[in-house]
Amino acid sequence: MQKREEWLDYIKAFAIICVVIGHACERTMTGINTQSFLIRYLDFFVNSFHMPLFFMVSGYIYKNAKEAGKDAQFLPYLKKKAIDLLFPYTWFAIAIWIGKSVFSDYVVRKVETASLFEMFIEPVAFMWFIYLLFFISIFIWVLEKVLKDNSIIILIILIPMTMTWIWFKSGNVLIDRFLFYSLFYYIGVCIYKFQWLLRKWIIAAVAFILYVILFIPYCNNPDIYAYKIMENLTGAFFFFFLLHGIIEYFSLGNQALLYIGKNTMYIYIMHPVLMNAFRMFYIKINFHNTIIWLMSLILCGIALPVSFSLMAKDRLLLEFWFKPRIYIERFEKKRRGIK
């Protein structure tokens, strides 16, 4: 049986906590209409690496599973990713669209009627990550198959795709982010293929130095995409290598973080909805304490989804919506008479 590399769960936990912090900063700034220096730069900080880090981890996990003998056949892999990603995207995107329509006066990014019918062309709200991950996963699988897993040729294709952001953006979230994030996913694949790199602290040191040098220009010039690309690359590299080193060499054994890392789907899908509920409440009562806004949004964005995941465990009507493949595979085994 394939051994689970738990250090990846710790990195996923760190990344999802950063996602929650970023969304809490955004909702605090827009809800109170403040431009707090601390919150603004905290938002820039987490946004400089958290999504690229998620894609890198996803690429590493994909290659790990493939090398262990899983996901070798295209159609079973396509079915697996569709169930894992497209199913949750579909029903949660519809639910989020309904929520945004009903409470349109309290949301930052409003939706239109057409958005529901275009949800497979233009992803709904924050659900773009889950939807995009499906297409990138399939694209990299096909690319490796066609190019016989030649990393150099694949990188030659992917790097220019990412660099197109400097000169061109189509305006479609799915297309633009597909071009941008495919490289980060494949970097995760390469890290798995060349795992000896994880022991080279010089890579983390160089990435950190470049990250620090670029941070202020990136914050002051968010529309210059060359800064964004470099900051995302160096930030994701640095934190991937740093967290791997800390977890492996210091034998980190925090069960709470481990659980968060194994249940990031709950947090990713639920935290914006819960934050918006708190935001609506604070606006209604005319509450403007910046620190309490920020800390309470972060706390509810992590603690409540984790509590729900504990409650949902092994309860079909709750867990199925987040992890449908578990129950579909159980049903198929039962239908075939397999215990």
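Helices (H or I, at least four residues) and strands (E, at least two) are DSSP runs, numbered from the N terminus. The legends below describe a predicted model, in which local features need pLDDT of at least 70, side-chain atom pairs count only at pLDDT 80 or more, and totals for chains, interfaces and linings use all residues. Residues are numbered from 1 along each chain as its sequence is written, and side-chain values use heavy atoms, with hydrogens and water left out.

View 1. The C-alpha atoms fill a box of roughly 60 × 55 × 45 Å along the principal axes. The radius of gyration, taken over C-alpha atoms and compared with a globule rule of 2.2 Å times the number of residues to the power 0.38, is 20 Å for this chain of 339 residues, which agrees with the value near 20 Å for a compact globule. Of these 339 residues, 48% count as buried, where buried means under 20% relative accessible area, exposed means over 50%, and partly exposed lies in between (1.4 Å probe, protein chains only). With contact defined as heavy atoms within 4.5 Å, residues 24 or more positions apart account for 80% of the contacts that have a separation of 6 or more. The accessible surface, from the Shrake-Rupley method with a 1.4 Å probe, comes to about 17200 Å², and 68% of it belongs to carbon and sulfur atoms.

**View 2. H50 in helix α3.** Helix α3 spans residues 50-67, and H50 counts as buried at 6% relative accessibility. Once residues up to four places away in sequence are set aside, H50 touches A15, C18 and V19.

**View 3. The buried residues of helix α2.** In this helix, which covers residues 37-47, the buried residues are I39, Y41, D43, F44 and V46. These residues pack against α1 (6-32), α3, α9 (201-220) and α13 (290-312).

**View 4. S182 in helix α8.** Helix α8 runs over residues 173-193, and S182 is buried there, with a relative accessible area of 0%. Leaving out neighbours within four places in sequence, the contacts of S182 are I136, F139, I140, L158, M161 and R177. The C-alpha atoms of S182 and L294 are 32 Å apart in space, while the two residues are 112 residues apart in sequence.

View 5. K63 counts as buried, at 2% relative accessibility. K63 and E67 also belong to a network of salt bridges that links them with K66, E144, D149 and K193.

**View 6. D149 in the loop between α6 and α7.** The loop that holds D149 lies between α6 (128-146) and α7 (151-167). Phi of D149 is near 60 degrees, a positive value in a residue other than glycine. D149 is partly exposed, with a relative accessible area of 28%, and is one of the residues in the salt-bridge network that includes K63.

**View 7. The salt bridge between R330 and D314.** The side chains of R330 and D314 meet at 3.9 Å, N to O. R330 lies in helix α15 (residues 324-335) and D314 in the loop between α13 and α14, so the pair ties together parts that are 16 residues apart in sequence. R330 counts as partly exposed at 44% relative accessibility, whereas D314 counts as exposed at 52%. Phi of D314 is near 65 degrees, a positive value in a residue other than glycine.

**View 8. The salt bridge between E329 and R325 in helix α15.** The closest N and O atoms of E329 and R325 are 3.2 Å apart. The two residues are four residues apart in helix α15, so they are separated by about one helical turn. E329 counts as partly exposed at 35% relative accessibility, and R325 counts as partly exposed at 24%.

Terms used: A salt bridge is a side-chain nitrogen of Lys or Arg within 4 Å of a carboxyl oxygen of Asp or Glu.
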